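Hi everyone, thanks for coming.

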Amino acid sequence: MSSDLILDVRDLVIHYETDEEVVEAVNNITFQLEKGKVLGLVGETGAGKTTTALGIMGLLPSKVGHVVQGSIKLEGEDLLKKSNREMRSIRGKKISMIFQDPMTALNPVKTVGDQIAEVVLLHNKCSKAEALKRAQEMLAMVGIVPERYKEYPHQFSGGMKQRIVIAIALACEPDLLIADEPTTALDVTIQAQILDMMRNLQQKCGTSMILITHDLGVVAEMCDSCAVMYAGQLVEYGSVEQVFDNPKHPYTKALYQSIPSLDKDVERLHVIPGLVPDPANLPSYCSFYERCTEKCDKCKKFEPWAVDVESGHVARCLQYTPEWEGK
């Protein structure tokens with residue numbers, strides 16, 4: 001693995017298995033992240049973005065979530081071969097995650113200061129007083145009065161809870177930060193402040209980041225590379241310039257068409273027809289076939305595979321695969 005890579009995910013497949021069904025949440029995805037860079041992971045709800053993040057963190061539900069195949073290497077070490085004890089020492093220090101739902105991410109019976117200090121104490125040799133001081137510094141960094149560190153989660157609004165979750169994730173200045181829609185519960189002004197803060201941390205400390213979001217504008221502003229997910233697959237992957245200036249996959253093109261434009265006077269925004277396929281019953285051919293405006297007969301006969309359409313720019317579509325015949 002190149003010394004410039006902090007994360008290398010190869011052929012990752014994740015299933016949720018119950019007695020009734022097998023949900024194919026992530027299907028054979030491969031991507032890399034260089035040190036100090038930001039990767040934007042975009043796609044509709046249910047595309048597999050959060051499951052990918054939980055797989056990297058080793059936080060899949062123990063009884064139903066399974067990594068079926070693949071490797072997840074952090075600085076050359078395969079996280080899938082680590083024990084639970086080893087992963088506990090890695091989480092929070094080397095790799096940290098900002099969770100999407102702050103309501104369930106915080107412990108309701110512990111003060112927010114203790115919850116931030118707990119991470120600091122776990123990974124640093126310091127006193128309880130020093131850890132609590134760091135907790136107050138982190139609260140101030142995310143825009144909360146430091147003196148509120150003695151209060152409990154129920155005493156904060158939803159947006160403030162999200163900021164506390166961000167403070168916990170950033171407390172030990174991790175090498176890799178996974179942000180799962182970190183500004184979902186925040187108003188527009190605080191969204192801008194939090195994104196600015198995360199960008200400043202990333203640039204100051206050289207932190208690498210995976211930013212999961214629905215907002216293509218945020219990806220364009222903050223990210224170096226972009227991965228578009230659909231039905232558990234990466235359908236397009238490349239630098240932000242490649243994916244935004246020259247989108248290749250019909251799904252990526254449809255996402256851009258759905259963005260409101262101030263230059264065009266339209267009565268109705270563009271909508272991608274149909275629904276995302278059921279991950280427990282995926283077709284044997286292209287998952288986007290039923291919703292695609294560029295489909296042809298061969299799309300229902302074969303499952304597409306990833307193709308290099310240009311250097312570093314990958315698309316999973318049969319229209320870029322002339323050798324499909326005979327497959």
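Let's start with a question: how many bridges join strand β4 to β5? Two bridges do, and the two strands run antiparallel. One thing before I go on: this is a predicted model, where local features need pLDDT of at least 70 and side-chain atom pairs count only at pLDDT 80 or more, while totals for chains, interfaces and linings use all residues. Residues are numbered from 1 along each chain as its sequence is written, and side-chain values use heavy atoms, with hydrogens and water left out.

Back to the strands. Strands here are DSSP runs of E, at least two residues, and helices are runs of H or I, at least four, numbered from the N terminus. Two strands pair if DSSP finds at least two bridges between them. Strand β4 covers residues 65-74, and the bridge partner of L74 in β5 is E77. Helix α1, residues 49-57, packs on the sheet and touches β1, β2 and β4; contact means heavy atoms within 4.5 Å. The direction of α1 makes about 70 degrees with that of β2. Those axes are lines fitted to C-alpha atoms, for helices over the stretch in contact, and angles run from 0 to 180 degrees between N-to-C directions.

And the sheet itself? It's an open one of four strands, in the order β2-β1-β4-β5, with antiparallel pairing. The edge strands are β2 and β5, each pairing on one side only.

Next up, S208, which sits in strand β8. Is S208 buried or exposed? It's buried, with a relative accessible area of 1%; buried means under 20%, exposed over 50%, and partly exposed in between, using a 1.4 Å probe and protein chains only. A polar atom of the S208 side chain lies 2.8 Å from the backbone nitrogen of G36. Not counting residues up to four places away in sequence, S208 touches several others, including L33, K37 and D175.

Now compare K93, in the loop between α2 and β6. K93 is partly exposed, at 33% relative accessible area. Which residues does K93 touch, leaving out those up to four places away in sequence? Among them are H123, C172 and D175. K93 and C172 are 79 residues apart in sequence, yet 5.7 Å apart in space, C-alpha to C-alpha.

Last stop is Y251. Leaving aside neighbours within four places in sequence, Y251 is in contact with residues including G43, V228 and F288. That's my tour, so over to you.

Note on methods. Polar contact = N/O pair within 3.5 Å; in protein donor to acceptor, adjacent residues only side chain to side chain.
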